[in-house]
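Subject: A structure for you to explore

Hi there,

Here is the structure I promised to pass on to you. Have a look at it first, and then read on for what was found in it.

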Amino acid sequence: VLSAKVAVSLRPGYHVNSNTPSDPYLIPLRLTWAPADPLKLASQVFPQPSMEKYSFSEKPLSVFSGQFEIITRFEVPPTAKPGMLSLSGKLRFQACNDQMCLQPKTLDVSLPVEIVK
C-alpha cells in the first residue's frame, strides 16, 4: 500500500465544507485522482471535521479549517516496477467565512510518489 498526502492550508477565518457536509446542497470537499497505472485507489482518509455554528445557518455545519491533510491510499500490485510516478488529481472545494462563500474552485494537484520493492 502506498500513501499519498495532500496538505491543505486555509486562510485564517475561512473554512470549507467537509467531505460529508451537513446538508445535501452544500459543496463537499473532494479529492479525485486520475488513473495512475499500475496503482489502484484503495481509500481516502479525511480529518475529523468540526461542527461549527455560523450566523447564516440554523444548524452547525461540518467543516474543515486551518491546516489539515487528506491521505489517499493506493494498492500497489506485486508486478509494479519500482520507480517514481507522478499522480495528478483535482481538489474541489468552496471556501467560506462567517459572512459569505466564495465561488467554488477546483485546483490541480500533482504529487510525486515512489514505488519501492
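Let me start with a question: is Lys90 buried, partly exposed or exposed? With a relative accessibility of 40%, Lys90 counts as partly exposed. Please keep in mind as you read that this is a predicted model.

**The overall picture**

The chain has ten strands and zero helices. The C-alpha trace spans about 55 × 20 × 20 Å along its principal axes. Of the 117 residues in the chain, 37% are buried. Sequence distance is worth a thought too: among contacts between residues at least 6 apart in sequence, 73% join residues at least 24 apart.

**Two salt bridges**

How many salt bridges does the structure hold? There are two.

Lys90 takes part in one of them, where its side chain meets that of Asp108 at 2.5 Å, N to O. This pair links distant parts of the chain, with Asp108 in strand β10 (residues 105-115) and Lys90 in strand β8 (residues 83-93), 18 residues apart. Asp108 counts as exposed because its relative accessibility is 63%, and the cut-off for exposed is over 50%.

The other salt bridge joins the side chains of Lys59 and Asp23, at 3.0 Å from N to O. Here the partners sit in loops: Lys59 between β5 (50-52) and β6 (61-65), and Asp23 between β2 (15-17) and β3 (30-33), 36 residues apart. Lys59 is partly exposed at 38% relative accessibility, whereas Asp23 is buried, with a relative accessible area of 15%.

**The largest pocket**

Next, look for the open space. The largest pocket holds about 370 Å³. It is lined by 16 residues, and those closest to its centre are Ser9, Leu10, Phe93, Ala95 and Leu107. Which element gives the most to this lining? That is β1, with four residues. At least two lining residues come from each of β1 (2-9), β8 and β10. Sorted by class, the lining has twelve nonpolar, two polar and two charged residues.

Ser62 is buried because its relative accessible area is 4%, and buried means under 20%. A polar atom of the Ser62 side chain lies 3.4 Å from the backbone oxygen of Thr20. Thr20 is also among the contacts of Ser62 when neighbours within four places in sequence are left aside; the others are Val16, Asn17, Ser18, Pro21, Ser22, Pro49, Ser50 and Met51.

Then go to Glu69, which has its place in strand β7 (residues 67-75). Glu69 is partly exposed, with a relative accessible area of 38%. Not counting residues up to four places away in sequence, Glu69 touches Lys5, Val6, Ala7, Val45 and Pro47. How far is the C-alpha atom of Glu69 from that of Pro82? The two are separated by 26 Å, and they are 13 residues apart along the chain.

Enjoy exploring, and write back with any questions!

Best wishes

Key. Residues numbered from 1 in each chain as written. Predicted model: local features only at pLDDT ≥ 70, side-chain atom pairs only at ≥ 80, totals over all residues. Heavy atoms only, no water. Salt bridge = Lys/Arg side-chain N within 4 Å of Asp/Glu carboxyl O. Buried < 20%, exposed > 50% of the residue type's maximum accessible area, 1.4 Å probe, protein only. 1 Å grid on protein atoms, 1.4 Å probe; cavity = no way out; pocket = protein on both sides within 12 Å on 5 of 7 lines; lining within 4 Å. Points joined across faces, edges and corners; volume = space filled by probe spheres on them. Nonpolar A, V, L, I, M, F, W, Y, C, P; charged D, E, K, R; others polar. Polar contact = N/O pair within 3.5 Å; in protein donor to acceptor, adjacent residues only side chain to side chain. Contact = heavy atoms within 4.5 Å.
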